[in-house]
Amino acid sequence: MRTRLTDLAEQAGVSTATVSRVLNGKPGVAGETRQAVLAALDVLGYERPSALRARPAGLIGLVVPELSNPVFPAFAQAIESQLASRGYTPLLCTQSPGGTTEDEYVETLIDHAVDGIVFVSGKHADTRASTERYQRLRGRGLPIVLINGYAEGIDAPFVSPDDSASIELSVRHLVALGHRSIGMAIGPDRFVPAKRKIEAFVAQLLRHGLAATEEEARKHVSLTLYTLEGGQAAAGELFDAGHTAVVCGSDLMALGAVRAAHARGLSVPDDVSVVGYDDSPLVAFTDPPLTTVRQPVADMAHAAVSALLTEIHGERAPRSELLFTPELVVRGSTGAAPHHDA
């Protein structure tokens, strides 16, 4: 015990007597000093005495799609961290093809008496899905926040990246490198983020004089699945059609595009350039390192949790969609257009 007190005192920059007072729950210790001692416990790997552990403020449901796309675990981790720092316990629900559905998870969360639910890229992002499920939740007074997607008529805060800005960054970067034949590999256009990206892509091709009409511009878009295989198939079609650069709807799809290029004996970025989306963990270490648009996951998670807790505490969070500015991260998968395309 003496060694532990000494270690904690040294780590926290206080006396052993102060550490003892904190551990025993005695009064007379400044709040800042108490926090320093508790932080020292955590840093040195000691378990906090049960009397000092923060009681959970409540349970929050967190519903995310499948975890094979690295951006979704990143969202889950960021949101869980925000919730935990405010004393809430997250209940993570992840979907997989043929597995538990979003609606089934919601029923389970309601059975667990959650105080609110955060939905990431849920049914609210699907223009063909009914919004009634969310209206029912709001009808029973349950606070919800919806990330990545927007649907009219849902009484809840929305948090999204600026999809249009992400495409503008990508296309502008490729045009500056001399590319004149740019394609897009994107997921199903019934999803709001894909729909927004396609509209922005068409507008950018027209703006830069890379297509004469909207109809012509849309021919440079290949719809596929948000998977590595989907990206490979779509990008393969675009490369075969003569495109020297491809903007992808996700990093996974972009890695598929790189694979499609290699399968055709094309060098990335000497022959063709590829831009991803998300800035998922590890894409800086692929071969080549992936140029991508970074989705502001941490900022979006912070905003979503803040909005949800505002609602839980009985106040009204803004209903306008909060849009977060993405950032282009230039790495090795984009380069100057080959001479014949300049």
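Visitor: How do the residues of the lining of the largest pocket divide into nonpolar, polar and charged?
Guide: The model is predicted, and its largest pocket holds about 870 Å³ of space. The pocket is lined by 32 residues. By class, this lining divides into 12 nonpolar, 12 polar and 8 charged residues.

Visitor: Which residues of the lining lie nearest the centre of the largest pocket?
Guide: Helix 4 (71-85), helix 8 (192-207) and strand 9 (273-278) each supply at least two residues of the lining. Those nearest the centre of the largest pocket are P65, E66, F72, S121 and F191.

Visitor: From which domains does the lining of the largest pocket draw at least three residues each?
Guide: The lining takes residues from elements that include helix 4 and helix 8. The domains that each give at least three residues are domain 2 (58-161 + 296-325) and domain 3 (163-294).

Visitor: Which element gives the largest share of the largest nonpolar core?
Guide: The largest nonpolar core has 27 residues, and L62, F75, I79, V118, V120, I147 and V159 touch the most other members. At least two residues of this core come from each of strand 1 (58-64), helix 4, strand 3 (116-120), strand 4 (144-147) and helix 12 (297-312). The largest share, 9 residues, is from helix 12.

Visitor: Beyond its neighbours within four places in sequence, which residues is L62 in contact with?
Guide: L62 is one of the core residues that touch the most other members. With neighbours within four places set aside, its contacts are A76, I79, E80, L91, L92, C93, V118 and V120.

Visitor: How many residues are in the second, separate core?
Guide: Among the members of this second core are I186, L205, A217 and V221. Its residue count is 19.

Visitor: What distance separates the C-alpha atoms of E321 and F158?
Guide: E321 sits in the loop between helix 12 and strand 11 (322-324). Apart from neighbours within four places in sequence, E321 is in contact with G149, Y150, F158, S160 and R196. Although E321 and F158 are 163 residues apart along the chain, their C-alpha atoms are separated by 4.7 Å.

Visitor: How much space lies in the largest cavity?
Guide: A search of the whole structure finds 1 cavity of 30 Å³ or more. S166, I167, S170, K197, V247, C248, V275, G276, Y277 and V293 line the largest cavity, and by class they are 6 nonpolar, 3 polar and 1 charged. The space in the largest cavity is about 30 Å³.

Visitor: Which elements each supply at least two residues of the lining of the largest cavity?
Guide: Residues of this lining include S166, V247 and V275. The elements that each supply at least two are helix 7 (163-176), strand 8 (245-248) and strand 9.

Visitor: What is omega for the peptide bond from D287 to P288?
Guide: Most peptide bonds are trans. A cis bond joins V268 and P269, with omega about 15°, and P269 is in the loop between helix 11 (251-263) and strand 9. P288 is in the loop between strand 9 and strand 10 (291-294). The bond from D287 to P288 is also cis, and its omega is near 0°.

Visitor: Is D279 buried or exposed?
Guide: D279, in the loop between strand 9 and strand 10, has a positive phi of about 60° although it is not a glycine. A113 also has a positive phi, about 55°, and is exposed at 56% relative accessible area. Buried means under 20%; because D279 has 17% relative accessibility, it counts as buried.

Definitions and conventions:
Residues numbered from 1 in each chain as written. Predicted model: local features only at pLDDT ≥ 70, side-chain atom pairs only at ≥ 80, totals over all residues. Heavy atoms only, no water. 1 Å grid on protein atoms, 1.4 Å probe; cavity = no way out; pocket = protein on both sides within 12 Å on 5 of 7 lines; lining within 4 Å. Points joined across faces, edges and corners; volume = space filled by probe spheres on them. Helix = DSSP H or I, 4+ residues; strand = E, 2+ residues; numbered from the N terminus. Nonpolar A, V, L, I, M, F, W, Y, C, P; charged D, E, K, R; others polar. Domains from an automatic or database assignment. Core = buried A, V, L, I, M, F, W, Y, C linked by side-chain atoms within 4.5 Å. Buried < 20%, exposed > 50% of the residue type's maximum accessible area, 1.4 Å probe, protein only. Contact = heavy atoms within 4.5 Å.
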